[in-house]
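This report goes through one structure in short sections. It begins with a single pair of residues and then widens to the chains.

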Amino acid sequence: MISLLLLWTSAWAEQPLSFDLKSSELTYTVSHLLKTVHGKSTEAKGKGRCSNLQSCEFLIAVPVTSFVSGNSNRDLHMRETVKGALHPIVSVRVTGALQEKLPLEVELSGHKKMIAPQSLKIQKTTHEMQVSGTFVLKLSDFEIERPSLLAASIENEVPISFKTTWTVH
Amino acid sequence: MHKLKITLIAFSFLMSSIGFSAEPKLDLKDLGFTQEQTKKDPELQLALESRSSKLKAHQITGILTGALMIAAVGLSRSHDRNNNHQFVGAAAGLSYWTTFYLAQTAPVPEGTKSQGWNIKIHKALQWVHGPLMILTPIAGVMANDANKHHKPKGTLASRKSAIAGLAAVTYLAGSLVMAFEF
């Protein structure tokens, strides 16, 4: 009985880890008949914690206004389209085991959706962790009306690529 | 006592297996976002929607203006046989100033910095075709009056074609830069 107790406490005593987002680059790609546009943000904030490697929680959030595409009219239109004044923050939450098949809970424009990443790469060193990958948002999943120009709307699928560096405590 | 120990151990296993934690989920405050950064601003959303509507209408009337200008230039050769050039020209003028009004009254949220080479060119060219679109109908009326009364044309009237042509070219150039980088 005592040996069982010792076995359990040694597993539970695995050192908890916490993570702080050190740097990030998030890019969305919007495709239209006449043009492809990329908007980038480097102003995400994030934290993560793992009580053990099977039980982690990460939250990364970025202001809608921080995405720039090089055209202020387009950025303002994007902000209006995703209702950025009512929902100024886009967030991604991840819970579960720290592995490369984590589903992402994306919150955008007041709606939440679980999305499986297309690719996800995790590289760990002693004090840092790099997480990069891509996933695809469908604007219709978030009830976002697709802008149009000359009777042609933008594509419903919006690929998002991200590169993040976390410090590990 | 023995039963109590078994119960405690079983309970602890159960709690660890379901990942029991008293900690609440991470939220935006934990990341350092302030209430100011996360607050909803319905007035701003309305202003953004108004801006989008006006700029969309500005695009449509802008395209219409361009088409009317091209038509007016095309009809200029028959100005002495009928009034089509004048009517289409007047329509182009009306459409032009409607387009201008829509752009000028589209709300600009506080703190917006104009960004994009095409927007800068588009705005700079309005200082060329704007004054020319004021001079064009004036020159047109003067030229028409001179023709009607068989009087010699003044300086402005005699340059009406050049003024109107330059207005059309700079206007269309300003429209095209927006089409390439929208």
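## A salt bridge in chain A

In this predicted model, Lys47(A) and Asp20(A) form a salt bridge, and their closest N and O atoms are 2.8 Å apart. Lys47(A) belongs to strand β3 of chain A and Asp20(A) to strand β1 (residues 17–31), so the pair ties together parts that are 27 residues apart in sequence.

Is Lys47(A) buried, partly exposed or exposed? Its relative accessibility is 28%, so Lys47(A) counts as partly exposed. Asp20(A) also has a value between the cut-offs of 20% and 50%: at 25% relative accessibility, Asp20(A) counts as partly exposed.

## Strands β1 and β2

A salt bridge also joins the side chains of Lys40(A) and Glu25(A), at 3.9 Å from N to O. Lys40(A) sits in strand β2 (residues 36–41) of chain A and Glu25(A) in strand β1, so this pair ties together parts that are 15 residues apart in sequence.

Lys40(A) counts as partly exposed because its relative accessibility is 39%. Glu25(A), with a relative accessible area of 29%, is partly exposed.

## Other salt bridges

How many salt bridges does a search of the whole structure find? Over all chains, the search finds eight. In chain A, a network of salt bridges links Arg49(A), Glu57(A), Arg93(A) and Glu105(A).

In chain B, the side chains of Lys39(B) and Glu36(B) meet in a salt bridge, with 3.3 Å from N to O. Lys39(B) has 41% relative accessibility and therefore counts as partly exposed. Glu36(B) has 57% and therefore counts as exposed, the cut-off for exposed being over 50%.

## Chain A as a whole

Chain A contains two helices and twelve strands. Along the sequence, their pattern is α-β-β-β-β-α-β-β-β-β-β-β-β-β. The C-alpha trace of chain A spans about 75 × 30 × 25 Å along its principal axes.

Chain A has 169 residues, and buried residues make up 47% of them. Among the contacts in chain A with a separation of 6 or more, 57% are between residues 24 or more positions apart.

## Where chain A meets chain B

The size of an interface is often given as the accessible area lost when the parts come together. For chain A and chain B, the buried area is about 3700 Å², with 64% of it on carbon and sulfur atoms. The elements of chain A that give two or more residues to the side touching chain B are α1 (2–12), β3 (45–52), β4 (55–63), α2 (72–81), β5 (89–96) and β10 (148–149). The largest share of that side comes from α2(A), with eight residues. By class, the side of chain A that touches chain B has 20 nonpolar, eleven polar and eleven charged residues.

In terms of contacts, 42 residues of chain A meet 44 residues of chain B. How many salt bridges are counted between chain A and chain B? The count is zero. Polar contacts, however, are found across this interface, in 13 residue pairs.

## Two residues of chain B

His85(B) is placed in helix α5 (residues 84–105) of chain B. With a relative accessibility of 14%, His85(B) falls under the 20% cut-off and so counts as buried. Which residues does His85(B) touch, not counting those up to four places away in sequence? They are Ala72(B), Leu75(B), Ser76(B), His79(B) and Lys160(B). For Ser76(B), the backbone nitrogen lies 3.5 Å from a polar atom of the His85(B) side chain.

Ala71(B) lies in another element of chain B, helix α4 (residues 42–75). Ala71(B) counts as partly exposed because its relative accessibility is 32%. Ala71(B) and Val88(B) are 17 residues apart along the chain, and their C-alpha atoms are separated by 7.1 Å.

Terms used. Residues numbered from 1 in each chain as written. Chains lettered and ligands numbered in written order. Predicted model: local features only at pLDDT ≥ 70, side-chain atom pairs only at ≥ 80, totals over all residues. Heavy atoms only, no water. Contact = heavy atoms within 4.5 Å. Buried area = accessible area lost by both parts, 1.4 Å probe. Salt bridge = Lys/Arg side-chain N within 4 Å of Asp/Glu carboxyl O. Polar contact = N/O pair within 3.5 Å; in protein donor to acceptor, adjacent residues only side chain to side chain. Helix = DSSP H or I, 4+ residues; strand = E, 2+ residues; numbered from the N terminus. Nonpolar A, V, L, I, M, F, W, Y, C, P; charged D, E, K, R; others polar. Buried < 20%, exposed > 50% of the residue type's maximum accessible area, 1.4 Å probe, protein only.
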